[in-house]
Amino acid sequence: MIVPMVAYRPDCYRIGYGGGYYDSTIKAIREIECKDIHTIGVAFEAQKADFPIEGHDMQLDYIVTENTVLDSMRTKYPLDKDFLGSYGIEGALTYIQL
């Protein structure tokens, strides 16, 4: 599931657009243990921010930026500057073996 965001933290939490729809959907998916569904945020490095986590916030599995792929297990996959330009998000997801 591709998840939009206004800002993100390096530990894969995000700020959305204020409706809570993605957080509630992610929570429901995880409650029924759908292991085949990964949550992936797409952002620019400039969207990285420091903000408090609230009780309803759901951690994403991955965040892909123009420079790196972050995962919620605290692993950082640095990408070559031209990697996403050449291969796009699909290439990045293949790179992290989803």
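I looked up Asp11 and found it buried, at 12% relative accessibility; buried is under 20% relative accessible area, exposed over 50%, partly exposed in between, with a 1.4 Å probe and protein chains only. Its partner is Arg9, and their side chains meet in a salt bridge at 2.6 Å, N to O. I take a salt bridge as a side-chain nitrogen of Lys or Arg within 4 Å of a carboxyl oxygen of Asp or Glu. Arg9 also counts as buried, at 17%.

I noted the sources next. This is a predicted model, where local features need pLDDT of at least 70, side-chain atom pairs count only at pLDDT 80 or more, and totals for chains, interfaces and linings use all residues. Residues are numbered from 1 along each chain as its sequence is written, and side-chain values use heavy atoms, with hydrogens and water left out.

How many salt bridges does the rule give? I got three. Arg14 and Asp23 form one of them, at 3.6 Å, N to O. Arg14 is buried at 6%, and Asp23 is buried at 10%.

Arg30 and Asp61 meet in a salt bridge at 3.4 Å, N to O. Arg30 lies in helix 1 (residues 21-31) and Asp61 in the loop between strand 4 (40-42) and strand 5 (62-64), so the pair ties together parts 31 residues apart in sequence. Helices (H or I, at least four residues) and strands (E, at least two) are DSSP runs, numbered from the N terminus. I list Arg30 as partly exposed, at 32%, and Asp61 as buried, at 18%.

Last, I checked pLDDT, the predictor's confidence in each residue, from 0 to 100. The protein averages 81, and 73% of the residues score at least 70.
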